[in-house]
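Me: I would like to go through the terms used for this model one by one. For each, please set the value against the cut-off and then conclude.

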Amino acid sequence: MDHHKNEIPIGTGRADWRGICYAAAPALLYTALSSAAYSLLASALPQMPGIMLQGAALAICLVYFWWKAKKEQVVASSHAGKSSRLAYRYPACFCYASATVLCSIACNYLIFLTGLTQRSPGYRHVEEVFYGNSLLAELATLCILGPMAEELVYRGFVFQRLRRRRSTVQAAVLSALVFGILHLNLVQGIYAFVLGVLLAYIVSKTGSLVAAAAAHMAANVVSVLWTETGLLRFLNRQGAGMYAAAGLCLVLTGIFLNYGNQLIKRSGHFHPA
């Protein structure tokens, strides 16, 4: 990953923690705002399904943080000019989205193998609220509104704020850690941390939050279709087949990331690691 040109030297002690708290503040606000909106809507509309309440809460958050992003000049592209546009003239974004989908599948396999999905009450509650609803509502909430809001908050605000003070690698890891912790259960936390690092990597290479949001959406679409339909039943594996499938997905993740990097490099706007 590259290092931000205007990077501030890494501090120590209290000043360093203040910087981390400043960077994490939008994520904490997002969590508080979405929870408050969900609770208020649930009180006002007790008959509304949880997935629709969550969608409405996410829409409120998205509007607020979009306004805040415009006010603070946090834009869809973190690199000005044609460099962000050039990324879309090549299938680089398709490669990055494919890598994210494959990484998410591998994470699902590996987390399932640990048995954490059965031992996490928090995760089971999330499954009860978000799944088993209208497929259209799940796609709108989990695959459009959620990724858009989370990329704006975590890769737009948190990652970019950290990147001004630390190396890109440190900013990616710390922003992903915040992303994981604020999912508030271990299963989603691990999954979100891994994908958070990858999505920050995509932003650092393309300079575009849109590319990361598209990759995030693709991963969530696969997750919803895998869970709620039989369209992806070929992904269902057992025993040794699950280990083999996870390994293959990780290898393909690396291949797609490398090819995406090569395509960006050909555009003349590659940001070396």
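Me: Which residues are linked in a network of salt bridges?
Reply: This is a predicted model. In it, Lys-68, Glu-72 and Arg-161 are linked in such a network.

Me: What makes the pair of Lys-68 and Glu-72 a salt bridge?
Reply: The cut-off is a Lys or Arg side-chain nitrogen within 4 Å of a carboxyl oxygen of Asp or Glu. Between the side chains of Lys-68 and Glu-72 the N to O distance is 2.8 Å. The pair therefore meets the definition. In general, side chains of opposite charge can pair when their charged atoms come close.

Me: Are these two residues, Lys-68 and Glu-72, buried or partly exposed?
Reply: Buried means under 20% relative accessible area, and exposed means over 50%. Lys-68 has 17%, so Lys-68 counts as buried. Glu-72 has 34%, so Glu-72 is partly exposed.

Me: How many salt bridges does the structure hold?
Reply: There are 4 salt bridges in the structure. One of them joins the side chains of Asp-16 and Arg-166, with 2.5 Å from N to O.

Me: Why can the pair of Asp-16 and Arg-166 be said to tie together parts of the chain?
Reply: Asp-16 sits in helix α1 (residues 13–44), while Arg-166 sits in the loop between α7 (135–163) and α8, so the pair ties together parts that are 150 residues apart in sequence. Asp-16 has a relative accessibility of 18% and is therefore buried. Arg-166, at 10%, is buried as well.

Me: How far apart are Arg-155 and Glu-151 in helix α7?
Reply: They are 4 residues apart in α7, which means a separation of about one helical turn.

Me: Why are the buried residues of α6 said to be on the same side of the helix?
Reply: In α6 (residues 121–130), the buried residues are Tyr-123, Val-126, Val-129 and Phe-130. Around the axis they cover an arc of only 120 degrees, so they lie on the same side of α6. The face turned away from that buried side carries Pro-121 and Glu-128, which are exposed. Just after α6, Gly-132 takes a positive phi of about 80 degrees.

Me: Which residues form the nonpolar patch on the surface?
Reply: The patch is formed by Val-169, Val-173, Leu-177, Ile-181 and Phe-193, with about 400 Å² of accessible area together. Helix α8 (residues 168–181) gives the most to the patch, with 4 residues.

Me: Which residues touch the most other members of the largest nonpolar core?
Reply: Of the 52 residues in this core, these are Ala-27, Tyr-30, Phe-65, Tyr-96, Tyr-154 and Ile-202. At least two core residues come from each of α1, α2 (50–71), α4 (92–114), α7, α8, α9 (186–206), α10 and α11 (240–266). The most come from α9, with 10 residues.

Me: With which residues is Ile-202 in contact, leaving aside its neighbours within four places in sequence?
Reply: Ile-202 is in contact with Tyr-96, Thr-100, Gly-207, Ala-211, Ala-212 and Ala-215. A second, separate core of 14 residues includes Val-101, Leu-102, Tyr-109 and Leu-225.

Me: Why is Val-210 called partly exposed?
Reply: The relative accessible area of Val-210 is 44%, which lies between the 20% and 50% limits, so Val-210 is partly exposed. Val-210 lies in helix α10 (residues 209–228). Its C-alpha atom is separated by 9.2 Å from that of Leu-152, 58 residues away along the chain.

Me: What is the secondary structure of the protein chain as a whole?
Reply: It comes to 11 helices and 0 strands. Buried residues make up 50% of the 273 residues. Among contacts between residues at least 6 apart in sequence, 80% join residues at least 24 apart. The accessible surface is about 13500 Å², and 66% of this belongs to carbon and sulfur atoms.

How values were computed:
Residues numbered from 1 in each chain as written. Predicted model: local features only at pLDDT ≥ 70, side-chain atom pairs only at ≥ 80, totals over all residues. Heavy atoms only, no water. Buried < 20%, exposed > 50% of the residue type's maximum accessible area, 1.4 Å probe, protein only. Arc of directions from axis to C-beta. Contact = heavy atoms within 4.5 Å. Areas by Shrake-Rupley, 256 points an atom, 1.4 Å probe, with all protein chains shown as cover. Patch = residues over 30% accessible without salt bridge, like charges linked within 9 Å, V, L, I, M, F, W, Y side chains within 5 Å. Core = buried A, V, L, I, M, F, W, Y, C linked by side-chain atoms within 4.5 Å.
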